[in-house]
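Here is a short report on aromatic pairs and a surface patch. Look at the sequence and the structure first, then read on.

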Amino acid sequence: MSATLALAPTARRGHGLMAVYGLLVLIVASIFSAMDRQILVLLGEPMRASLGLSDTLLGLLQGVGVTLFAGLAAVPLGWLADRHGRRQMLAICVLVWAASTAACGLSHSFTTLFISAVGLGIGEAGLAPIVYGLIPEIVPARRRALANGVFALAAIFGAGVGIALSGALVDQLATLRPQLPVVLQSMESWRLAFLAVAAPGPLVAAAVLLMRRHPERADANAESLPRDDERTALAPFARAHGRTMAGLFIGSGLTGVGLAAAGNWAPIVATRTFGAPAVEVGAGIGAAYLAGTAVGAVLGAGGVRVFGRRLGLATPLRVIAVGSLIAAATSALMLWAPDARTLYWLFGAQVAALIAGSVLAPTMLQDMSPAPLRSRVIAIGSTFAIGMGALSPVLVGALSDWMPAASRGLLTAMAGVGAVAFVAGALTILASEKHFVRTVRIVHPELDKKASLPPRRKP
């Protein structure tokens, strides 16, 4: 007995280290995903010159080749992850996007480059559904919300790190070329860059396979449930909880429309409307994005403190809705921005409001999803977000063309679409609160603290 008690702290430390290891591996995978995706953007011009591509073909490559197919592949990959193991499917996704990145570097025509970009999008489509399905399995229950927030923030900052590392890599290739094997020295620099960012893929995949489930997780054996169990079938769950899914996914998608409006057009507005040079725009938008992310993380934690005790299970929805309403206000204020610097400040405030809610979104999705369906439900939400967000740039552009240029049409279109989308998203999410709470109480009754409290004694 005493020996067992003595070993218990050691075992807990070991489990804690494995949880930290698993979260770090997922963060590293997200950084390499960002690098592989951003290298396609950074190398667009040398690719265009080398392969004789038009701007339209470059747009098809990045929009349809990567984004569209990522949206289409998310749900099938989520289904495979739920049925055949999330670690295994994530490792396969890493290998697919790494191989596709390398294939981009070896392409000699638009057709092969497009097929490679499709493979890159399909491989990366599984990242969010599988990662947020894995986190509840590798960390203890009391640390799940914290782990979700850490990963979400790390993924956002990791995208910036990925861009910086990709740019540094391209810059250093000329220096490194003499040290490369002879067969690689004659390759164009953009091809070498693709091969370089793809190289760590097998190591990341191996690290994913070494992750282990945390023994304290109540749903650790979820994958061993009988396959004919109703909890493992998506259709019955969707019929029973369709209002929850529709409300949250459509609401989140509308919020994505608002974010895409500013994210895609604010840099162009700063240049076209306010005459800011490209260098200033990049620095201003980048600084606003990073500062907004940091402030948003603090606001998200504060929102949980403010709403947590009073709202209970509905807390994530309320924080997300309040953040969307604040973002709507920042969009409306952009109409009166006198200069580019004010636009950057407003964009940063918008990012902060949205990040405060987005760090809680994974917890919301996990709470409403049965463990055997988790990756599929999250994948459906991702598909809504990608699909609806993809409409935003087109809508803003069409409205801008319809408005007279003298009336700052692009700024008006961007601010108007953003404000309307954010308000609509917030109202849709708020209308889903009671359905969400009902779903969580049915799917994960252990999360309802009120239900687990002993009844009060009468005086």
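A nonpolar patch on the surface is formed by Leu325, Val423 and Leu427, which together have about 240 Å² of accessible area. The model is predicted.

Now to the aromatic rings. A pair of rings is described by the distance of the centres and the angle of the planes. How many aromatic pairs does a search of the whole structure find? The search finds 2.

Phe110 and Phe114 have ring centres 5.8 Å apart and planes at 40°, so this pair is tilted. Both residues belong to helix α5 (residues 110-125). They are 4 residues apart, about one turn of the helix.

Phe249 and Phe384 have ring centres 5.9 Å apart, with planes at 40°, so this pair is tilted. Phe249 lies in helix α12 (residues 242-272) and Phe384 in helix α17 (residues 374-402), so the pair ties together parts that are 135 residues apart in sequence.

| Residue | Relative accessibility | Class |
|---|---|---|
| Phe110 | 21% | partly exposed |
| Phe114 | 21% | partly exposed |
| Phe249 | 3% | buried |
| Phe384 | 32% | partly exposed |

Why does Phe249 count as buried? Its relative accessibility is 3%, and buried means under 20%.

Definitions and conventions
Residues are numbered from 1 along each chain as its sequence is written. This is a predicted model: local features need pLDDT of at least 70, side-chain atom pairs count only at pLDDT 80 or more; totals for chains, interfaces and linings use all residues. Side-chain values use heavy atoms; hydrogens and water are left out. Rings of Phe, Tyr and Trp (its six-membered ring) pair if their centres lie within 6.5 Å; planes under 30 degrees apart count as stacked, over 60 as edge-to-face and the rest as tilted. Helices (H or I, at least four residues) and strands (E, at least two) are DSSP runs, numbered from the N terminus. Buried means under 20% relative accessible area, exposed over 50%, partly exposed in between (1.4 Å probe, protein chains only). Patches are made of residues with over 30% relative accessible area and no salt bridge: like charges are joined within 9 Å, nonpolar side chains (Val, Leu, Ile, Met, Phe, Trp, Tyr) within 5 Å. Accessible areas come from the Shrake-Rupley method with a 1.4 Å probe; for residues, only the protein chains shown count as cover. A salt bridge is a side-chain nitrogen of Lys or Arg within 4 Å of a carboxyl oxygen of Asp or Glu.
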